[in-house]
Every structure is written in C-alpha cells, then in structure tokens.
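I opened a new entry for this chain.

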Amino acid sequence: MDDGEDFGFIPVMLRVDTATGGTNSVSLTMERKFTVIDAHAVLKGAGTTSDTYQIFNGSNAISDNVSIASAGDKDIVRIGEIDDARMEIAAGGTLKVTSTGGNTDNPALAVYIMGYYHL
C-alpha cells in the first residue's frame, strides 16, 4: 500500500527464532518489498545483565536496541521505536534479528515481526 491509496493491506507476521548463548543473528532475504510496522519477542528463558535484541534492515537498525535483561521466561518484550527511514526493506534485501548477550547465557527468543508486502 502506498500513501494515499484507497485500499488496505493484509498484515503478515514473520517468526524469527534466535538461539541461546552469546550474540547471534538470523537473517531473512525478502522476496518482495516489505515494511515493518511492529515487533515483539517472547523469551524462552530469563534474560540476564545487558541482554538485548534488535531488528535490522541489512546493517541498519529498524528498531531500538531492546533490553531483555530484566525480563523473565515467557515474557513478551515489544520494540519501542521504528526508524521510518529504515522500515521498508527492498526486494532482495535482508531482514535481520540480532540477539546480544551480556554474558554467554542470553535466552533463546521467538521474535514476531509484523509488516506487509508491497504489491
């Protein structure tokens, strides 16, 4: 959907699973242009000091660096910001989720990213 069009779009929810341990990233190559409109993570264990996750368009941050340090197992932690200059990922571009551990014991995450594909 482009600005000013008089029809809606069907939102798509993508799930990206990160592993437990130290810093790790999972990347998806987008078949078509995709716009990120929201995201949240479900923890599969308790966060520890300095644990975070973040959503990227290639190497450029879409979301804020979200702290999961004080979150517990099964908690849901939502992003608080979306960079409107980076939220649209071009066809063939990379949607990336990075989980960073303050120690090597950061929890695995199920990160749900909501957005829509452009026609």
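These are my notes, from the whole chain down to single residue pairs.

**Entry 1: the whole chain.** I am working with a predicted model. I looked up the secondary structure and found zero helices and 10 strands. Along the sequence the pattern is β-β-β-β-β-β-β-β-β-β. The radius of gyration is 15 Å, close to the 14 Å from the globule rule for 119 residues, so the chain is as compact as a globular protein of that length. I also boxed the C-alpha atoms along the principal axes and got roughly 45 × 25 × 20 Å.

**Entry 2: contacts and surface.** I asked how many of the residues are buried. The share is 42% of 119. Next I took the contacts between residues at least 6 apart in sequence. Of these, 78% join residues at least 24 apart. The exposed surface comes to about 6200 Å², and carbon and sulfur atoms supply 49% of it. I then checked the charges. The chain has 8 positive and 16 negative ones, and their mean positions lie 6 Å apart.

**Entry 3: strand 4.** I turned to strand 4, residues 52-57. Is it mostly covered or mostly open? It is mostly covered, with six of its six residues buried. I sorted the side chains by direction. Thr52, Gln54 and Phe56 point one way. Tyr53, Ile55 and Asn57 point the other way.

**Entry 4: partners of strand 4.** Which strands pair with strand 4? I noted strand 5, strand 6 and strand 9.

- Strand 9, residues 94-100, runs antiparallel to strand 4 and is joined to it by six bridges.
- Strand 6, residues 66-67, pairs with strand 4 in the antiparallel sense over two bridges. Tyrosine 53 stands opposite valine 66 there.
- Strand 5, residues 60-61, is also antiparallel to strand 4, over two bridges. The bridge partner of phenylalanine 56 is alanine 61.

Key:
Residues numbered from 1 in each chain as written. Predicted model: local features only at pLDDT ≥ 70, side-chain atom pairs only at ≥ 80, totals over all residues. Heavy atoms only, no water. Helix = DSSP H or I, 4+ residues; strand = E, 2+ residues; numbered from the N terminus. Rg over C-alpha atoms; globule rule 2.2 N^0.38 Å. Buried < 20%, exposed > 50% of the residue type's maximum accessible area, 1.4 Å probe, protein only. Contact = heavy atoms within 4.5 Å. Areas by Shrake-Rupley, 256 points an atom, 1.4 Å probe, with all protein chains shown as cover. Lys, Arg positive; Asp, Glu negative; His and termini not counted. Charge placed at Lys NZ, Arg CZ, Asp CG, Glu CD. Pairing = 2+ DSSP bridges.
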